[in-house]
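Me: I am learning to read protein models, and I would like to go through one slowly, a question at a time. Could you show it to me, please?

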Amino acid sequence: MLVYAIVFLLNVYAAKGQLHVFTNFDNTSGLSNNTVFCVVQGKKGFIWFGTADGLNRFDGKNFKVFRNISNGKRITGPLYVWEMIVHSNGSLWLSTNKGVFVFDDTTEQLLPVKKHRMA
């Protein structure tokens, strides 16, 4: 019984020492839009935000916004990033109002996923 009491008190003491900090980010902090539809953490540790105006990568200090597609063109109009998933190979897949894309880490561009006809 004494062991349980000591373990309980140590857990209470350890929990009391934890400091939780919440930081609110918005478009004045570098986020491309205040409307965020989805958030994921990639294999390299970046936090990715899908917003009503593009894909945002957060490195812990700064945001970088991505709206360019693989042919070097910028996506016209707003890019709504509705959903994101991180594939087991580390690639980031996006579902948007402009289609489905895979983010290319090397070129830092969005690669459109072509429609395939199912037989």
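Me: In what order do the strands of the open sheet that includes E5 lie, and which strands are at its edges?
Reply: Strands here are DSSP runs of type E with at least two residues, numbered from the N terminus, and two strands pair if DSSP finds at least two bridges between them. The open sheet has 4 strands with antiparallel pairing, in the order E5-E6-E7-E8. An edge strand pairs on one side only, and this applies to E5 (81-86) and E8 (109-112).

Me: Before we go on, what kind of model is this, and what pLDDT do local features need?
Reply: Residues are numbered from 1 along each chain as its sequence is written, and side-chain values use heavy atoms, with hydrogens and water left out. This is a predicted model, in which totals for chains, interfaces and linings use all residues, side-chain atom pairs count only at pLDDT 80 or more, and local features need pLDDT of at least 70.

Me: How many bridges join E7 to E8, and which residue is the bridge partner of Val 102?
Reply: Strand E7 covers residues 99-104 and runs antiparallel to E8, with 4 bridges joining them. Within E8, the bridge partner of Val 102 is Leu 111.

Me: In the sheet with the order E1-E2-E3-E4, which residue of E2 stands opposite Val 40?
Reply: This open sheet has 4 strands with antiparallel pairing, and its edge strands are E1 (36-41) and E4 (63-66). E1 is joined by 5 bridges to the antiparallel strand E2 (residues 47-51). In E2, the residue opposite Val 40 is Trp 48.

Me: Is Arg 67 buried or exposed, and with which side chain does the side chain of Arg 67 make a polar contact?
Reply: Arg 67 lies in the loop between E4 and E5. Buried means under 20% relative accessible area, exposed over 50% and partly exposed in between, using a 1.4 Å probe and protein chains only, so Arg 67 counts as buried because its relative accessibility is 16%. A polar contact is a pair of N or O atoms within 3.5 Å; within protein, one must be able to donate a hydrogen and the other to accept it, and residues adjacent in sequence count only if both atoms are side-chain atoms. At 3.1 Å, the partner of Arg 67 is the side chain of Asp 53.
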